[in-house]
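These are my notebook entries on one structure, set down in the order in which I looked things up. The sequence and the model come before the entries.

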Amino acid sequence: MNSRQPIPVVVLTGFLGSGKTTVLNHLLANRGGTRIGVVVNDFGSIEIDAMSVAGQVGDSMVSLGGGCLCCAVDGSELDAYLEKLAAPAHRIDVIVIEASGLAEPQEMVKMLMANENPAIRYGGMVQVVDAAEFDATRARHPETDRHLAVADLVVLNKTDRVDAAERTRIEAALGTLCGPGIPVVGADHGRIDPELLFDRRPWTETRGQLSFEDLLAEAAHQADEADGTDPADGAGHDHDHDHERCGHVHAAYESIEFVSEQALHPRRFLDFLDRRPAGLYRIKGFVHFGVPGHEERYEVHAVGRFLRFAPGPWGRGETRLTQLVLIGAGTDGPALLRELEACREPAPRQVPPESMWGVLRYVDRPADTPAED
């Protein structure tokens, strides 16, 4: 996989105490078989809950103490770490950068967008907000508003510490501070569905020693014993189905699948993406446009308002299909499917090539391999 597709790099940011580390640990503990490379950037010592466990990822994690990634003179240090994590030997599926609470997200995003390593691609910025300290954070850090304006997805954390009216007020404020259509996902204790950011894979291998998942499960078992919980009674940790501790994370989201043997019209599909509702958190899959000169398979990846297309060749004998998965909350599934149906194009070879210009604006770099006819 990684030899053909660039590895997405997701920036996880938010001010000190917002809960970035908690979100990161939740993603690590509920990642299934997905291999996550982690870059931790902080001032002074690294303070990650259960880092003694997370540290077992070994070469899949690097830490930068003593300064922000965005403060690097030319970005070469970050580039070197990303190159290390993207090495084929690690078989990394996604890289998460936990930025310092004092980092400037805009600068970090610029560094990633300017990175010329073909093995990686920018995967969007997630801003974590402390619901209980929302007003105080904005007062202490006026730049909060600027950071929210460039976020692709906002996690409103610690919602368990505010009442319904206060949460509604904060969400309304975020609606004015964030870019148009930026989704806001509520969470307590950093518990968001990892599927909003990356695909979780089944655990498929054991190497004769404790895997990372085994280490996490063992740590959870010890925690259950410490607090008197008996894992055998059904209330203990199962990191893929931990409903007691994860608050039924999956129950908050809906997944919609769309498959079309007909090509999609690029302009109509972009119009659909431009007007997608804020509750539609993630879109992933492959699109067949079939426009002359652009017969490639276009991988599409959207997190919040972040959008990227990656053209690549079809496999030998592979059927030309559009296959999409849409993940959201509070969305009208049938209406979304009707909108996608309206994007079908029965005669793609008659569509002018310039109709692809909008799509190509969201392509990081040309495909290395020409499309097969």
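**Entry 1. A charge and a ring.** I began with R297, whose charged end sits over the ring of F286, 3.9 Å from the ring centre. I note here that the model is a predicted one.

**Entry 2. Aromatic pairs.** I then looked up the ring pairs and found 6 aromatic pairs in the structure. For F269 and F272, the ring centres are 6.2 Å apart and the planes are at 20°, so I recorded this pair as stacked. Planes under 30 degrees apart count as stacked. Both residues belong to helix α10, where 3 residues, about one turn of the helix, separate them.

Entry 3. Which strands does helix α10 lie across? I found that α10 (residues 266–274) lies across β10, β12 and β13 (322–328), and that its direction is at about 150° to β12. A further helix, α11 (residues 333–341), packs on the sheet and touches β8, β10 and β13. The direction of α11 makes about 20° with that of β8.

I next traced the sheet itself. It is an open sheet of 5 strands in the order β8-β13-β10-β11-β12, and the pairing is antiparallel. From one strand to the next, the twist averages 10°. Within this sheet I looked at β10 (residues 280–288) and β11 (residues 297–303), which run antiparallel and are joined by 7 bridges. In this pairing, R282 stands opposite V303 in β11.

**Entry 4. Nonpolar cores.** I looked up the largest nonpolar core and counted 34 residues in it. The members that touch the most others are L82, I95, I97, L112, V154 and L174. Two or more residues come from each of β1 (7–13), α3 (76–85), β4 (94–98), α4 (105–114), β5 (120–130), β6 (153–157) and α7 (164–177). There is also a second, separate core of 27 residues, with L273, I283, A302 and M356 among them. In soluble globular proteins, nonpolar side chains tend to be buried together.

**Entry 5. Strand β4.** Is β4 enclosed or open? I found 5 of the 5 residues of β4 buried, so the strand is largely enclosed by the rest of the structure. In a regular strand, side chains alternate between the two faces of the sheet. On one side of β4 I listed V94, V96 and E98, on the other I95 and I97, and all of these are buried. Strand β4 pairs with β1 in the parallel sense over 4 bridges, and L12 stands opposite E98 in β4. For I95 I set aside neighbours within four places in sequence, and the contacts were then I7, P8, V9, V10, G37, V39, L82, L85 and I120.

**Entry 6. Positive phi.** K158 has phi near 65° and lies in the loop between β6 and α7. Buried means under 20% relative accessible area, so K158, at 18%, counts as buried. H189 has a positive phi of about 55° and lies in the loop between β7 (184–186) and α8 (212–226). With a relative accessible area of 47%, H189 is partly exposed.

Definitions and conventions:
Residues numbered from 1 in each chain as written. Predicted model: local features only at pLDDT ≥ 70, side-chain atom pairs only at ≥ 80, totals over all residues. Heavy atoms only, no water. Core = buried A, V, L, I, M, F, W, Y, C linked by side-chain atoms within 4.5 Å. Buried < 20%, exposed > 50% of the residue type's maximum accessible area, 1.4 Å probe, protein only. Contact = heavy atoms within 4.5 Å. Pairing = 2+ DSSP bridges. Axes fitted to C-alpha atoms, helices over the stretch in contact; angles between N-to-C directions. Phe/Tyr/Trp six-rings, centres within 6.5 Å; stacked < 30°, edge-to-face > 60°. Lys NZ or Arg CZ within 6 Å of the ring centre and 35° of its normal.
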